[in-house]
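Here's a quick walk through this model, residue by residue and then out to the bigger picture. Have the sequence and the structure open while you read.

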Amino acid sequence: MCCDLKRRFLLLYATQKGQAKAIAEEIWQQAGTHGFEAEMHCISEMDKYNLETEKDPVVIVISTTGTGDPPDTARKFVKRIQDKTLPPDHFAHLQYGLLGLGDSEYTFFCNGGKTVDRRLQELGAQHFYDTGLADDCVGLELVVDPWIDGLWLALRDAFLSQQEKEGMSSNADTISSSLSAAPHDMDELNLSSEVRNLKLEDEGVRSSNVLSQKSVDIHLAASTRDTEPSLVHSVPPVSQSALNIPALPPDYIEVEFQDAHGENPHLSSLISEGAAFEVPVTRAVQLTREDAIKTALLLELDIADTVFDYQPGDAFCVICPNNIIEVEELLQILGLSEKGDYLVCVKVKQGTKKKGAAIPQHIPERSTVKFILTWCLEIRAIPKKAFLRALVECTSDVGEKRRLQELCSRQGASDYTRFVRESNVCLLDLLHAFPSCKPSLNLLIEHLPKLQARSYSVSSSNLYQPGRLCFVFNIVEFPTCPARPVSRKGVCTGWLAELVAPLLHPNKNTLDAKGGRPSTEKISIFARPNNTFHLPADPSVPLMMVGPGTGISPFIGFLQHRQKLREEHTDWEFGETWLFFGCRHQDRDYLFRQLRCFLENGTLTHLKVCFSRDSSTADNTPKYVQEVVRLYAKEVARVLLQERGYFYVCGDKKHMADGVSDAVVDILSMEMEVDKLEAMKILAMLREAKRYLQDVWS
């Protein structure tokens, strides 16, 4: 199709970790093939587009962050459209289609997209295409791919409708005939992908007949022996299918090595969320016994010399590095072991075909190779299909090349989900599984996301312990699996555990020469305030807290704060406090035995505990917190409905928080004598009123 016949649409994305942007870029790349031209912008760049005067269709791709908030890049946009003075026909001229990204593990699934969608509708905007809601819990591609496929026909119809409204039927015929080429273009894209597969394999055969033949023989022998697919091995029908693979993403980063050694940027330059503080770790305590299933640690930080401030219930972020052994291993595979400490300059490649190409914000223009791999890139990230497609071009073995093509193809979607996504495979796992794959550093910079700081709930009160901040975490363990022959610890929790080992197990080699105490390690943190998960402003309001395992963490801060307030304000009235705590074994992972102290001094009114794995627990004794909550149905209903109290839940969503939510719904239904649907509506109203609050993770 000629360029002058291509129809323009506005493409906006709002991203937190880069997924929405990557999907928008995929739409932008496909648009030309289907006879359209996408004008793409981040939704925060409001000086580059104007929805108030936009006449062409608008496509929005938006993610969700936190427990249901729009991404940071969409905050100003959302604030602008939520202006109460805007008339109901403000966007009556606007046609749009919206693709929301979220995770159904969280209560407010795709709420970022839903918030924008709902408000645009309230302001008179019309859908030209049904809203898509993609779930990261099961795989975004299950919704994203078909949604993009259907977008082109919807755009075509939108333009035809627009032309008819403008009374330009003759032009509409022209556009109809030109845009009707879109399905044909799609066939050409699929066909070219299949031809490209054959061409790649043919080139491999020409370049090394003996090796290729040997690889094919091995593959055939394996096919007769292995009837089950794996990360490196496929079975029919995938192994015999012609493949529809994504277009090769254009490269856009250029890395220039310099022999000189030099200083790396300060870690604070890596964050855009606010000021970072480097603070010492003053105390470390293992809260669980050695034979506990999970190891929980409590760390205390000294924030006295900073302006860092927090409230009980807030969270904060720890800037952490990738595992140094994995970084060294990656350097070796990339052939950069001897250049790890070399400075590199990162630039945008001249003549790149990538629209709006720019150096990722998390990549310094000048730093060492090792710094980039250690502090900037999430090397543990699950590779996206676009990354797999790019890795095909770096792979020399014919069989390995074919398998990577399968994993990023439409035909191999279920294999990708099973062997890459659900197995938590990372780049290092892929490079071990496909040893002929030798990517360049610039490819990693282009495709690996930013190494995210890890968020933790505060487990202390600044009022109770001035100048101190405590937090609790389990050391995350990833066991071996067929795609990953070695076990791993969590990126941040593994690093923290190693960092504070001298505090946990001091010996003469770790003691400070001056004071005979273990030397102090420092970590970099920054604030991540929670706007809602706080104690009630009125201390006379009763509250119930549910926090099994490390979910108890913020409630320790709540109780410390409440105890200090009781000591300082003896004339105040304080509401009753309930705490439901659970763990596996009473003698192994009962994290805070000092809860009894809060009970004895009156800060805590009711403490209810349960132990899910103790053999001494009777069969009819509740083993989980959601079961204990049900035992106190009348008290729950009284606190929530009669006394307008608060109900807090912290911990694992899937296996606990959902169960607690179901228990509360059943309690409301029973105590109010209403059906379950009505009880669910009441709980929704409590959430809306910020009296049923969750701080949960998947």
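At 10% relative accessibility, histidine 585 counts as buried, where buried means under 20% relative accessible area, exposed over 50% and partly exposed in between (1.4 Å probe, protein chains only). You'll find histidine 585 in the loop between β19 (577–583) and α18 (595–600). Helices (H or I, at least four residues) and strands (E, at least two) are DSSP runs, numbered from the N terminus. Leaving out residues up to four places away in sequence, histidine 585 touches Tyr590, Phe611, Arg613 and Asp614, and contact means heavy atoms within 4.5 Å.

A word on the source: this is a predicted model, in which local features need pLDDT of at least 70 and side-chain atom pairs count only at pLDDT 80 or more, while totals for chains, interfaces and linings use all residues. Residues are numbered from 1 along each chain as its sequence is written, and side-chain values use heavy atoms, with hydrogens and water left out.

**The chain overall**

The protein chain has 22 helices and 22 strands. Of its 698 residues, 51% count as buried. Among contacts in the chain with a separation of 6 or more, 78% are between residues 24 or more positions apart.

Let's start with phenylalanine 9, which is in strand β1 (residues 7–14). Is phenylalanine 9 buried or exposed? Phenylalanine 9 is buried, with a relative accessible area of 0%. Not counting residues up to four places away in sequence, the contacts of phenylalanine 9 include Ile27, Ala31, Trp152 and Leu155. Phenylalanine 9 and methionine 40 are 31 residues apart in sequence, yet their C-alpha atoms are 8.7 Å apart in space.

Ile27 and Ala31 turn up again where α1 meets α4: Ile23, Glu26, Ile27, Gln30 and Ala31 in α1 meet Val144, Trp147, Ile148, Leu151 and Trp152 in α4. By class, that contact has eight nonpolar residues, one polar and one charged. Here Ala, Val, Leu, Ile, Met, Phe, Trp, Tyr, Cys and Pro count as nonpolar, Asp, Glu, Lys and Arg as charged, and the others, Gly among them, as polar.

Leucine 151 is part of helix α4 and counts as buried at 0% relative accessibility. Setting aside neighbours within four places in sequence, leucine 151 is in contact with Ile27, Val59, Phe128 and Tyr129. Leucine 151 is 54 residues from glycine 97 in sequence and 8.4 Å from it in space, C-alpha to C-alpha.

**Two helix pairs**

Axes are lines fitted to C-alpha atoms, for helices over the stretch in contact, and angles run from 0 to 180 degrees between N-to-C directions.

| Helix pair | Axis distance | Angle |
|---|---|---|
| α1 (residues 19–31) and α4 (residues 141–165) | within 11 Å | roughly 35° |
| α21 (residues 653–672) and α22 (residues 676–688) | 8 Å | about 115° |

The contact of α21 with α22 has nine nonpolar, two polar and three charged residues.

**Cavity and pocket**

Both are found on a 1 Å grid over the protein atoms alone: a cavity is a set of points where a 1.4 Å probe fits but cannot get out, and a pocket is an open set with protein on both sides within 12 Å along at least five of seven lines; lining residues have an atom within 4 Å of a point. Grid points are joined across faces, edges and corners, and a volume is the space filled by probe spheres set on the points.

How many cavities of 30 Å³ or more does the structure hold? There is one. The largest cavity has a volume of about 110 Å³. It is lined by 13 residues, with Leu270, Ile271, Ile319, Lys450 and Leu451 nearest its centre.

The second largest pocket comes to about 550 Å³. Its lining has 25 residues, and Asn323, Ile324, Ile325, Glu326 and Arg380 are the closest to its centre. The largest share of that lining, six residues, comes from α15. By class, the pocket lining has 10 nonpolar, seven polar and eight charged residues.

A cis peptide bond joins proline 236 and proline 237, with omega about 5°. Cysteine 110 has a positive phi of about 55° although it is not a glycine, and it counts as buried at 1% relative accessibility. Asparagine 424 also has a positive phi of about 55° without being a glycine, but asparagine 424 is partly exposed, with a relative accessible area of 40%.
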